[in-house]
Amino acid sequence: MTYQDAVRTLGAGNSPVVQAMDKVFGGLLLGGAPFMPSLLSLFGAKNELARLTNDLVSYGIDKRRKLTQFDRIQRLHAARGVLMVAAYFDAVEHADLPFQLDDAQLSRENSVSIAISTNGGSSYAKMMSAILATELPLLGVEVDSVRAGTELIACYKDMSVRFAVFIEGLSVWEGLSTAQQKEATKTLLTIVPTVAARQFEASIQQFAAESPEFAIWLNLAGHQTTRDQLANIDDSMRMLLARAESVEQIPPVLQAVVRVNRAVLSRKLLPVEELLDGLDAPRVSRAYIDPHFRIAEADMQTPINSEDFWQAQDVRREVSKFLLGYLSTPFALLNPLVILGHPGAGKSLLTQVQAAKLPSPDFVAVCVPLRDVPADIEIHEQIEYAIRLATHESVSWAEFARAAGESVVVIFLDGFDELVQATGISRSDYLIRAKRFQEIEATQGRHVAIIVTSRVTVADRMRIPGGTVAVRLDAFNLDQVKRWLDGWNNTNRDFLVRVGHGPLDLEVIERYFDLASQPLLLLMLAVYDAESGALRDALGKLTQTELYERLVQRFVSREVSKRSRVGYEDGETVENELLLLSVIAFGMFNRGAQWVTDEQVAEDLVALDITSQPKQVVTAEHRRLAGPAKDALGRFFFIHRARTSLEDVDFGTYEFLHATFSEYLVVRLVWRFLTDMVNRAKVADARTFSARRRADDLDLKTFLSWTVLSVRNTIVDFLEGRMGDASDEFRASIRSELVNAFHALEYPEVTVSNNGYCPAAKTQTARLAVYGANLVILIVATGPDVSSHELYPNVRNRAEEWSRTARFWQSQLTFDEWCGLLDTYAVRRDVNDEGERLVHLSRRQKKSSPRSNSDFSWPCSNKVQVDCANVEPLEPSLFLSSNEFICDLGSDIALSSLLGQDAHLH
């Protein structure tokens, strides 16, 4: 939009003001025959431009006028444009120039050039025409207010260049000394743009107070003055939302969608049938808490799936205000907006609440849950499909859009990750297609804004159009958790008193803040505590391992009892459900992913004989349906099931709402295997003729030969928690069996049980290395460490054997697996009284401690007649930490010499 466009937009229906402004600019504004203007119309006491600008803006954005939303957006953008230009001329007027502007009379030559525009760059016509035709910066949502100011000043500098060239052609310039001319040029090019920017910020204040959208818009667009001085953005929000009209006043074609949208606010967070009798869930209108967020301008090179990237962005408050302001900008009609968040962050609820609150008919919102619509149809067809699902009414997109008229249609495409994960088919161009959809609609005179949601983990699969604004939702902070708890306690006050629990206090939930910071998981914790009071009863006593065990046990038991004919849970059925969940968790872990597909679930369950296979081979249909697994997993609301359809076939993936649920279930299944292994050992040892036996570790080997456990520190924490809860005797029995299993690695069996279970492509040698590392991790978890003497009792040079084992692991493990070992475990070198070198492996005590802080001079210990110098701690590096872990004799001798750990033979 240029200044000329802005004046025409604001002045529609008020031609006297526009004609008066055209006169100020010498006939150049409306493109008529130019005539001699007076510079005093632009500057000085008779400044007509300032007065006319105020009149034009007041008229153009008068909130008493009945305007459509699109017209209002255009007028707000135009108002900003004319204020921007007026601020520039005001800055020139007040600039400290070595001449008076009212002395700068136009010469005869200038007058002629205005009429015929032949005097090159120095003519008034050239100068003013260029300024009036300058493309003004688009008002959008600036990620960086500093950059917004920089762009504004750059625009003003461009105007100053043109104005300086013009002034240099006037007679007043010729009367200046060379020094004065340089000073005037410097003032115009450096000082005037900065002053103009400040003047612009000041001028928009009065209009921000008059127009709620203007206030919110400018606040979001990087105008620091507005953010600091505007009294109450909340008042502006209320004024905007108050524009919503009754459904009956909205075109009939749109009414069903608007009714569905508004009904969300009266819906409860959970259906009553999901809760105990008497327990209630607050309504969405009372329970919804606006998340804080971060924004960034993104393109195809921006790592929006990286947590490190988002941590570097500033935190902003109240995403609802941001979205309302964003949707009131012309920028929203040009590019899709991306909203990212982790599972359970509330992305879907956010879109539904915004659709409910956007004032209709200014805005008409359509929520398109991508999990419920076919993946292989065009966007306008997905919209039609979603409307039919939500309203049971069929309407074509063209009919719907025409009925919306000059309203802004907001399309929420919720769940890009559903398309990617569930189908396995690349939809990387989806945002490109969404932008193209907006462009086509614009050519038809329709005004469409698109908002796409996705989980952060798959955001790297998006091809992002340049200039796209991306939003990442933050987890709740303590204040937001408290506000949510207040709503929960108020809704269930009578129930909580009746069962003897009382309100759920923040000090109780704060102990589990890692979970409670995600809205959906906070709801889960509140329901769990309301049913049993377990969180507050165990305050200060409940370990992380105990909490997760109670959570999964409680929710699985509740699901089983709901399906049971007798109305109570059966212990065996509950354990079978937990086994199924654990297999799913292992499927994710062993594949190095946060989710698993229907097909992969089916393959795992059939290979493990958990689900019967209809034929000898797992068919494509069976892979897709995954037998009873799909039904079982869909029952647990701490599991997110992404689904979509392709060619009329359903596809799905599964992901835990928080990664720690998956990690705990991995450990839970490992613990079951360890328990079974110990019990089988006891039976074998009790036989009358018990021979020397190998550890019965086939189940462990089936699951633990694919990925090293230490790639997830939380898994190691859960393992140690489980071990800590066990008796000393049982822990010793586990350690004994694990050590036996490690000794047996020297003679690996060719055949193992469940050899059809193959979650990843791995060679037999790589699997052997992974399993060996995992056995050592489990041994260390029994505490406090493990020595080379225990691992290699029948080997003469045990330290050297450890080095060979560690080098074997290094050669076979992935880079992440190897680094996970180095980060999680420390190796201590020792020499016993007999001069034998020993190795001790233990868990690193501090996560932040350096990987490598070893004395590599141990081969020359004084116990073997060698004297060594002291050594300063080493900076961590992969090379040094690898050598620390491997404990190779030759490498240690070389490093001790290179690092100044000199040995002196006696």
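Visitor: What makes S3 and strand S4 (residues 408–414) a pair?
Guide: Two strands pair if DSSP finds at least two bridges between them. S3 and S4 have 7 bridges in the parallel sense, so they meet that criterion. Val 364 stands opposite Val 409 in S4. The model is predicted: local features need pLDDT of at least 70 and side-chain atom pairs pLDDT 80 or more, while totals for chains, interfaces and linings use all residues. Residues are numbered from 1 along each chain as its sequence is written, and side-chain values use heavy atoms, without hydrogens and water.

Visitor: Why are S1 (293–298) and S3 (363–369) called edge strands?
Guide: The open sheet has 6 strands in the order S1-S6-S2-S5-S4-S3, with mixed pairing. Strands S1 and S3 each pair on one side only.

Visitor: What does helix H19 (residues 397–404) touch?
Guide: Helix H19 packs on the sheet, touching S3, S4 and strand S5 (447–455). Contact means heavy atoms within 4.5 Å. The direction of H19 makes about 135 degrees with that of S4, on a scale from 0 to 180 degrees between N-to-C directions of lines fitted to C-alpha atoms, for helices over the stretch in contact.

Visitor: Why is His 840 called buried?
Guide: Buried means under 20% relative accessible area, with a 1.4 Å probe and protein chains only. His 840 has 14%, and is therefore buried. This residue lies in strand S12 (residues 837–843); beyond its neighbours within four places in sequence, its contacts include Asp 785, Arg 828 and Asp 830.

Note on methods: Helices (H or I, at least four residues) and strands (E, at least two) are DSSP runs, numbered from the N terminus. Buried means under 20% relative accessible area, exposed over 50%, partly exposed in between (1.4 Å probe, protein chains only).
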